[in-house]
Amino acid sequence: MLTQKGLFATLFGVISLLFALLSSITAMEEEPIRLIFFEATDHRKFEIINPEFNVISLDKNFRSTHLPVQNGDLIIIRELSNFTIQVGALGSFEIYKDDTVKFVPEFANAEKESYNSVDEKIKGWEEKLESFHLIVGKDFPDHLRIKFEDSLLLVNDKVWGIDLSALKFREDFSFYSKNIDLQHLKTVTLVLPLDSSEKDFLKTLSDNNPQIDFQIKNLDSIGVFNEDLRWISVNFQPRYLGIENGPDSLDFRILQSMQSMEFLSFTEMPIPIQERILPPMPQVKSMMVMAQNDFLKLNFDFYSQNKQMEKLLGLYSVGTEIHSLSNLTKLTIADQSFFPRYNFNLRHPKLLNLNLAVADPTDNSLIVSDISNLERLRWLSIFYRSDSLPFDLAELAETHPQLQLLCLQQQHEYRSSNYAISLLSNHSALKDFSELEYLLIQDETGGIASVIMQMPHLKYLSMPEDYLNDSLRSAKLRKALPNTIISANSGFCLGSGWLLLLLPLSLLAFLIQRSFFQVSLGKS
């Protein structure tokens with residue numbers, strides 16, 4: 001028979017076991033950070049986009065990179081195809097994948113000399129892209145060798161993606177089904193409406209593997225978008241569905257019926273949908289909402305019927321409509337319209353991952369005070385718009401010593417001439433993040449390397465390409481951190497800048513003028 005002392009000891013043991021079990025369950029819920037190595041296998045130029053915080057451009061001079069990700073993250077791989085620039089009414093310029101420029105006259109006697117003031121005559125231009133949207137899964141290898149071939153995305157010599165909107169053999173889909181192994185296909189990009197040949201081809205895909213993701217571009221002018229979307233929902237079981245320029249009449253009942261869909265993405269959401277309340281879709285755990293050309297302002301209760309949401313990529317001017325999402329563990333805000341300040345501690349206490357563009361450069365307590373109680377925060381990416389970091393880095397290290405990843409980026413147009421001195425004036429506090437394993441610094445600042453060299457616990461360090469191109473500085477850094485993977489970045493992090501993938505018109509004008517002298521363009 002147990003004594004009272006023995007009974008208490010047994011109860012204490014049981015309680016301790018329960019706490020240990022609960023802790024292990026919580027730990028299992030936190031997806032570990034993974035480093036995926038992306039390698040270009042040909043000389044085509046393309047971009048790897050993690051909408052949470054990063055864009056990496058790979059070309060003939062910058063062939064590979066590492067990117068920190070977590071399972072469930074969205075990765076967009078986009079090939080940069082030809083640019084077409086219409087100049088005046090007499091012709092256009094085309095910028096090809098190999099960075100050469102060709103003038104294409106509208107009629108035979110059009111003269112290049114007519115365009116000495118070409119920067120004043122540009123009417124518009126278009127960047128033609130092949131894009132593939134992938135959800136990182138446990139089946140993702142740690143090394144991805146990327147190749148593009150006739151509207152196909154090849155990863156490690158297997159076809160992972162196909163862009164039906166740009167097929168070389170568009171009039172003969174049977175070529176692909178007969179001659180190309182599509183059993184590893186993960187994602188399809190297509191344009192609605194669908195014609196019968198496209199449906200026949202897609203049906204052959206679904207018969208072999210219905211678990212394929214879709215990125216849909218809407219060009220429907222005959223009112224059949226919902227009909228085609230319903231056809232896809234019947235024949236496929238996508239985990240991810242992206243809709244670009246969806247119609248005002250989008251039938252959400254179709255989306256509600258897609259029980260396999262965990263990640264839903266909207267680009268250029270029409271105003272009638274912005275003004276609605278998103279109907280309940282309990283199967284959806286992640287969303288991306290992005291504005292490209294038009295201002296996007298959502299109903300205050302837009303997300304209120306989807307409190308189960310765990311991940312939101314807000315690539316628009318995010319406001320207090322996110323107030324009801326108390327279960328978020330990941331949140332990306334590319335731009336914010338909060339007024340007054342927003343309390344992340346109160347609204348989103350479960351956050352593990354926060355990527356934030358800071359709108360107010362004058363309030364130095366903006367970040368730390370608003371996230372100070374997020375005890376589970378492990379990943380923090382800050383994009384700021386002032387000469388100096390808009391919070392005290394030492395205070396952040398004191399309140400969040402548990403951070404595992406930290407990314408810091410200043411938006412370029414907000415730099416002053418002395419930004420290199422003021423950017424991270426308190427950078428010595430970096431070494432106080434005792435658990436930091438992943439550090440991304442998008443702009444080198446004076447003295448920061450000497451601090452980083454005192455952080456041998458880093459697993460991964462991303463520094464500006466120009467900094468690492470200095471062989472002496474790079475060798476010194478690698479010697480101090482022999483166990484750290486050191487990778488170059490191409491200068492983009494969170495914020496509106498990383499989605500503005502179009503070249504400025506002034507740069508285009510410069511490129512066109514150079515073409516008159518048949519100059520081959522270098523890296524853009």
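**Reading the model, feature by feature**

Guide: Begin with an exposed residue: Asp157 has a relative accessibility of 64%, so Asp157 counts as exposed. Keep in mind that this is a predicted model.

Visitor: Where is Asp157 found?

Guide: Asp157 sits in the loop between β10 and β11.

Visitor: What is the phi of Asp157?

Guide: First the general idea. Most residues other than glycine have a negative phi. Now the case here. Asp157 is not a glycine, yet its phi is positive, about 70 degrees.

Visitor: Which residue does the side chain of Asp157 meet in a salt bridge?

Guide: The general idea is simple. Side chains of opposite charge can pair when their charged atoms come close. Here the partner of Asp157 is Arg145, at 3.5 Å from N to O.

Visitor: Is Arg145 buried, partly exposed or exposed?

Guide: Arg145 is partly exposed, at 31% relative accessible area.

Visitor: How many salt bridges does the structure hold?

Guide: The structure holds 13. One of them joins the side chains of Arg34 and Asp142, at 2.9 Å from N to O.

Visitor: Why does the pair of Arg34 and Asp142 tie together parts that are apart in sequence?

Guide: Look at where each residue lies. Arg34 is in strand β1 (residues 34-40), and Asp142 is in the loop between β8 (122-135) and β9 (143-149), so the pair links parts 108 residues apart in sequence. Arg34 is buried, with a relative accessible area of 13%. Asp142 is partly exposed, at 48% relative accessibility.

Visitor: Which side chain meets Asp470 in a salt bridge?

Guide: That of Arg473, at 3.4 Å from N to O. Asp470 counts as partly exposed, with 30% relative accessibility. Arg473 also counts as partly exposed, at 33%.

Visitor: Which residues are linked in a network of salt bridges?

Guide: Asp73, Lys311 and Lys330 are linked in this way.

Visitor: Let us turn to helix packing. At what angle do α3 and α4 pack?

Guide: Read the angle together with the distance between the axes. Helix α3 (residues 196-208) and helix α4 (residues 225-235) pack at about 20 degrees, and their axes are 10 Å apart. An angle under 35 degrees counts as roughly parallel. α3 and α4 are therefore roughly parallel to each other.

Visitor: Is the crossing of α3 and α4 left-handed or right-handed?

Guide: α3 passes α4 in a right-handed crossing.

Visitor: Which residues meet where α3 contacts α4?

Guide: From α3 come Lys199, Leu202, Lys203 and Ser206; from α4 come Asp228, Trp231 and Asn235. Sorted by class, the contact has 2 nonpolar, 2 polar and 3 charged residues.

Visitor: What kind of peptide bond joins Leu192 and Pro193?

Guide: The background again comes first. Most peptide bonds are trans. The bond joining Leu192 and Pro193 is cis, with omega about 15 degrees. Pro193 is found in the loop between β12 (187-192) and α3.

Visitor: Back to phi. What is the phi of Glu268?

Guide: Glu268 is not a glycine but has a positive phi of about 60 degrees. Glu268 lies in the loop between β15 (263-267) and α6 (271-274). At 10% relative accessibility, Glu268 counts as buried.

Visitor: What is Gly246 in contact with, leaving aside its neighbours within four places in sequence?

Guide: Gly246 is in contact with Asn218, Glu268 and Pro270, with those neighbours left aside. Gly246 lies in the loop between β14 (240-244) and α5 (252-257). Gly246 counts as buried, at 14% relative accessibility. Now compare sequence with space. Gly246 and Pro270 are 24 residues apart in sequence, and 6.9 Å apart in space from C-alpha to C-alpha.

Visitor: And the whole protein? How many helices and strands does the secondary structure come to?

Guide: The count is 14 helices and 24 strands. Of the 524 residues, 52% count as buried. For contacts, look at separation in sequence. Among contacts with a separation of 6 or more, 62% are between residues 24 or more positions apart.

Conventions. Residues numbered from 1 in each chain as written. Predicted model: local features only at pLDDT ≥ 70, side-chain atom pairs only at ≥ 80, totals over all residues. Heavy atoms only, no water. Axes fitted to C-alpha atoms, helices over the stretch in contact; angles between N-to-C directions. Helix = DSSP H or I, 4+ residues; strand = E, 2+ residues; numbered from the N terminus. Parallel < 35°, antiparallel > 145°, perpendicular 65-115°, else oblique. Left-handed = near helix turned anticlockwise from the far one by under 90°. Contact = heavy atoms within 4.5 Å. Nonpolar A, V, L, I, M, F, W, Y, C, P; charged D, E, K, R; others polar. Salt bridge = Lys/Arg side-chain N within 4 Å of Asp/Glu carboxyl O. Buried < 20%, exposed > 50% of the residue type's maximum accessible area, 1.4 Å probe, protein only.
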